[in-house]
Amino acid sequence: MKQLISRTARGLAVAALAVGALATSAQAAPAAAANGGDPTLTDVYIWATDVNLRQQPTTDSPRLAVRSQWWGDAVCQTQGQTVHDPAVGTNNWWTAVMEFSGSDIAWVNNLYIQGGEKIAGVPDC
């Protein structure tokens with residue numbers, strides 16, 4: 001069992017190194033999106049649980065979906081309603097996300113997206 005775990009760990013390490021080498025190569029083709037979405041868009045990770053995806057960048061707009069620990073394709077980000085979560089902080093930046101290429105766009109506050117106040121690699125709307 002220990003040998004199997006050791007071989008698996010070595011295999012994962014080699015795969016990680018290979019992926020890292022491809023990512024740093026200027027000739028490398030774009031990687032597939034983490035969720036099978038559009039590889040031309042920035043993948044973002046909603047790290048929290050039960051996060052509301054909204055029709056507009058405000059908590060007053062209709063909820064379109066609820067996601068937990070989920071990858072989405074970020075279309076763009078803009079300033080909207082300020083959201084304050086005592087456990088996380090305050091932010092007024094929202095990101096428009098798609099579940100998969102061509103799907104409807106929904107808005108999520110950047111508080112719940114890994115990456116900070118503004119998400120690197122996601123253009124402003």
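Let me begin with tyrosine 45, which is partly exposed at a relative accessible area of 21%, where buried means under 20%, exposed over 50%, and partly exposed in between, using a 1.4 Å probe and protein chains only. What we are looking at is a predicted model, in which local features need pLDDT of at least 70 and side-chain atom pairs count only at pLDDT 80 or more, while totals for chains, interfaces and linings use all residues. Residues are numbered from 1 along each chain as its sequence is written, and side-chain values use heavy atoms, with hydrogens and water left out.

Now to the aromatic rings. A pair of aromatic rings is described by the distance of the centres and the angle of the planes. Rings of Phe, Tyr and Trp (its six-membered ring) pair if their centres lie within 6.5 Å, and planes under 30 degrees apart count as stacked, over 60 as edge-to-face and the rest as tilted; by this rule the count comes to two aromatic pairs. In one of them, tyrosine 45 and tryptophan 71 are tilted, with 5.1 Å centre to centre and 45° between the planes. This pair links distant parts of the chain, since tyrosine 45 belongs to strand 1 (residues 42-46) and tryptophan 71 to strand 4 (residues 70-85), 26 residues apart, with strands taken as DSSP runs of E, at least two residues, numbered from the N terminus. Tryptophan 71 is partly exposed, at 38% relative accessibility.

The other pair, tryptophan 47 with tyrosine 112, is also tilted, at 6.5 Å centre to centre and 40° between the planes. Here tryptophan 47 sits in the loop between strand 1 and strand 2 (51-54), and tyrosine 112 in the segment after strand 6 (105-109), 65 residues apart.

Threonine 95 counts as buried because its relative accessible area is 0%. Its side chain makes a polar contact with the side chain of asparagine 110 at 2.6 Å, a polar contact being a pair of N or O atoms within 3.5 Å, where within protein one must be able to donate a hydrogen and the other to accept it, and residues adjacent in sequence count only if both atoms are side-chain atoms. Leaving aside neighbours within four places in sequence, threonine 95 is in contact (heavy atoms within 4.5 Å) with residues including Ala74, Cys76, Trp107 and Ile119.

Note on methods:
Helix = DSSP H or I, 4+ residues; strand = E, 2+ residues; numbered from the N terminus.
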